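I opened this notebook to record what I looked up in the structure below. My entries follow the order in which I consulted it.

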Amino acid sequence: MKELLVVEDLQKVFHMHHFNEQHIVGCNGINFSLKKGEFIGVTGKSGAGKSTVLKSIYRTYTPSGGKIYYSSSQFGTIDLVTATERQMIAIRKNEIGYVSQFLNVMPRVTALEIVVDAIMEMGEEAEPAKERAKEILTHFHLPESLWDSFPRTFSGGEKLRLNLAQAMVKRPKLLLLDEPTASLDNHSKQSVKEMILQLKEAGTTMIGIFHDLDFMETVIDHHYNLSEGMLEKKVSI
């Protein structure tokens with residue numbers, strides 16, 4: 001497969017069983033493709049289905065229809081819509097990263113341990129993993145005084161910076177970014193930009209959801225807008 005990712009006619013419908021079997025369309029008829037090292041930015045109104053598209057690719061949402069062809073290092077070309085749970089766990093562990101504004105972690109795990117564990121999942125030994133973790137936490141300006149703290153006490157911006165560190169330190173093949181600059185100050189945004197550009201240079205392919213258009217235009221290759229279920233290519237940067 002020439003492209004790293006090909007999405008064809010993706011659909012996600014939510015079935016609300018407790019509300020008279022109401023059906024809510026999260027996204028429908030989504031089509032796009034990505035070559036290795038490309039970065040597309042997706043914009044659109046709240047509720048347009050942007051996060052639904054990312055979560056369907058990551059398979060935290062099971063798509064209702066369509067195809068998501070992904071060129072996996074482990075499994076060859078694989079349809080993420082029909083991939084087994086075992087395959088998806090392996091792909092998430094080694095190939096696809098996801099960054100959201102929200103942090104879901106074990107309650108008694110420190111910030112440093114979260115990043116160290118992410119690195120060790122890739123086969124790194126404990127001591128080198130700890131050094132790499134410290135380096136990326138420093139890059140994202142997470143104070144050293146917080147490294148041994150539990151993230152449930154962190155501010156929204158601190159949680160997001162930890163989320164970015166946890167995902168980006170693995171240098172994934174495909175990285176999905178859901179509002180990677182939300183709640184960040186300009187200094188922190190610059191750190192995110194630097195890491196994004198490093199990952200692009202190393203060949204990581206990315207899809208990002210943005211409301212900060214000024215930031216988006218400094219890092220993406222193509223701009224898509226999601227409106228009324230249609231994903232339209234807007235601008236080539």
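**Entry 1: the sheet.** Over how many bridges do strand β1 and β2 pair? I found that β1, residues 5–16, pairs with β2 in the antiparallel sense over 9 bridges. Two strands pair if DSSP finds at least two bridges between them. Helices (H or I, at least four residues) and strands (E, at least two) are DSSP runs, numbered from the N terminus.

I noted for the record that this is a predicted model, in which local features need pLDDT of at least 70, side-chain atom pairs count only at pLDDT 80 or more, and totals for chains, interfaces and linings use all residues. Residues are numbered from 1 along each chain as its sequence is written, and side-chain values use heavy atoms, with hydrogens and water left out.

The open sheet has 4 strands in the order β2-β1-β4-β5, with antiparallel pairing. Its edge strands, each pairing on one side only, are β2 (22–34) and β5 (76–79). On average, neighbouring strands of this sheet are turned by 25° against each other, direction ignored. Axes here are lines fitted to C-alpha atoms, for helices over the stretch in contact, and angles run from 0 to 180 degrees between N-to-C directions.

**Entry 2: the nonpolar cores.** I looked up the largest nonpolar core and found 39 residues in it. A nonpolar core is a set of buried Ala, Val, Leu, Ile, Met, Phe, Trp, Tyr and Cys residues joined through side-chain atoms within 4.5 Å. Buried means under 20% relative accessible area, exposed over 50%, and partly exposed in between (1.4 Å probe, protein chains only). The residues with the most contacts inside this core are V115, L164, M168, L177 and I196. Among the elements that give two or more residues to the core are α4 (126–139), β7 (174–178) and α6 (186–202). The largest share, 7 residues, comes from α3. A second, separate core of 32 residues includes L4, C27, I68 and I209.

Entry 3: Is L164 buried or exposed? L164 counts as buried because its relative accessibility is 0%. I located L164 in helix α5. Not counting residues up to four places away in sequence, L164 touches V99, F140, V169, L177, P180, L184 and V192; contact means heavy atoms within 4.5 Å. L164 and V192 are 28 residues apart in sequence and 8.0 Å apart in space, C-alpha to C-alpha. With the same exclusion of residues up to four places away, the residues that L177 touches include F39, L54, L164, M206 and I209.

**Entry 4: α3 against α5.** I found these helices packed at an angle of about 20°, with their axes 8 Å apart. That makes α3 roughly parallel to α5, a term for angles under 35 degrees.

Entry 5: Most residues other than glycine have a negative phi. Which residue in strand β1 did I note here? D9 is found in that strand and has a positive phi of about 50° although it is not a glycine. D9 counts as partly exposed, at 47% relative accessibility. S183, in the loop between β7 and α6, has a positive phi near 65° and is likewise not a glycine. S183 is exposed, with a relative accessible area of 54%.

Methods
Parallel < 35°, antiparallel > 145°, perpendicular 65-115°, else oblique.
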